[in-house]
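Trainee: I have a structure open and want to learn how to read it. Where do we begin?

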Amino acid sequence: MIDVCDIHVMKPLLSEQGFHFSKAKGQNFLIASWVPQAIATESGVDESVGVLEIGPGVGPLTQQLALRAGKVCAVEVDERLKPILQKTVGEFSNVEILWGDVLKQDIPTLVREKFAGLHPVACANLPYYITSPILTALLEADCFEAVTVMVQKEVALRIAAAPGSADYSAFTVFCQYYAEPELLFDVPPHCFLPQPKVTSAVITLRTRKERPWEILDEATFFRTVRASFAMRRKKLSNGLASGFPELGKAGAAEVIQAAGFPENVRGESLSIPEFARIANEIVKRREQA
Ligand code: SAM
């Protein structure tokens, strides 16, 4: 197996093909072999698992996943990497590369077709310019048992944040609605070529088999969450009145009271079940109107 993380191997491999890194495609390739090994180990992949990898690059993580998984499907947008991936992962019969933009894939169909009889997980060193849309697509696909990804550390902290903390955001609630996050380890900039400006972190999101909250309408729940964070450090009633103009200020205050919160409550301190209580009151009001 070619050690693609060895810079003395990777550089000639890339220059043979006249390859230049694309900043626009978020290409920061791993050059520290402990990192893909640790990601693959921590993702808990074994032969009963089918892994969707996003952005294999020259294949360091693909190789480590292929050594452990039943099957690896890797979606890569940059077709210039074709001859390189052929050399680095071509020897693995359980690896399939799909060429294209991951955001244009029908992920549930892909998982059904490629991973029949396997436990599906996703694993990736993500291109940072589209971290949120990719994570959103992976979680909304609702078909993975776990999603283990390397992201910018500040994003990892945001995903795992607790209510009321500075990192807590609408994206936190979105991720924690679908999954339970666990921060695994940091990866410093010198582990990549070219080096990113920021520290990275690996995080695992174990998707929830059941969502232990009563949510009458998912769309209203997420609208409530977005409205609550749209005006940070303001009273929740202001955010709700602006996110749900049909409520008006008085209606927003009534919803908050009916859900059992003080009138000066702030959105950024609420947990998922507390957002659910507010959203459910909005739904009930709508139904009564
Ligand atoms: N996995 C490799 C590694 O760890 O060295 C490369 C990771 S690099 C941070 C991100 C990879 O995602 C690049 O190979 C890039 O070409 C690919 N990529 C960027 N945008 C993509 C998209 N929309 N769909 C699929 N792959 C994409």
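Mentor: Begin with the polar contact: a pair of N or O atoms within 3.5 Å; within protein, one must be able to donate a hydrogen and the other to accept it, and residues adjacent in sequence count only if both atoms are side-chain atoms. Helices (H or I, at least four residues) and strands (E, at least two) are DSSP runs, numbered from the N terminus. Now the case: Ser169 caps the N-terminal end of α8, with a side-chain oxygen 3.2 Å from the backbone nitrogen of Phe171.

Trainee: What should I know about the model itself?

Mentor: This is a predicted model, where local features need pLDDT of at least 70 and side-chain atom pairs count only at pLDDT 80 or more, while totals for chains, interfaces and linings use all residues. Residues are numbered from 1 along each chain as its sequence is written, and side-chain values use heavy atoms, with hydrogens and water left out.

Trainee: Which residues have the most contacts inside the largest nonpolar core?

Mentor: A nonpolar core is a set of buried Ala, Val, Leu, Ile, Met, Phe, Trp, Tyr and Cys residues joined through side-chain atoms within 4.5 Å. The largest has 62 residues, and Leu52, Leu138, Phe144, Val147, Phe221, Leu240 and Ile278 have the most contacts inside it. Take Leu138: leaving out residues up to four places away in sequence, Leu138 touches Leu52, Ile54, Ile107, Ala122, Phe144 and Val147. A second, separate core has 39 residues, including Ala32, Ile39, Val89 and Cys123.

Trainee: What is the volume of the largest pocket?

Mentor: Rolling a probe the size of a water molecule over the atoms shows where empty space is left. On a 1 Å grid over the protein atoms alone, a pocket is an open set of points where a 1.4 Å probe fits, with protein on both sides within 12 Å along at least five of seven lines; lining residues have an atom within 4 Å of a point. Grid points are joined across faces, edges and corners, and a volume is the space filled by probe spheres set on the points. Here the largest pocket comes to about 400 Å³. Its lining has 30 residues, with Lys25, Gly55, Glu76, Asn125 and Pro127 nearest the centre.

Trainee: And the second largest pocket?

Mentor: The second largest pocket has a volume of about 310 Å³. It is lined by 14 residues, of which Lys23, Gly26, Asn28, Pro196 and Lys197 lie nearest its centre.

Trainee: Which backbone features deserve a check?

Mentor: Most residues other than glycine have a negative phi, and most peptide bonds are trans. Asp142 has a positive phi, near 55°. Asp142 lies in the loop between α6 (131–140) and β6 (146–152). Its relative accessible area is 48%, so Asp142 is partly exposed. Next, a cis peptide bond joins Leu193 and Pro194, with omega about -15°. Pro194 sits in the loop between β8 (192–193) and β9 (200–207).

Terms used:
Buried means under 20% relative accessible area, exposed over 50%, partly exposed in between (1.4 Å probe, protein chains only). Contact means heavy atoms within 4.5 Å.
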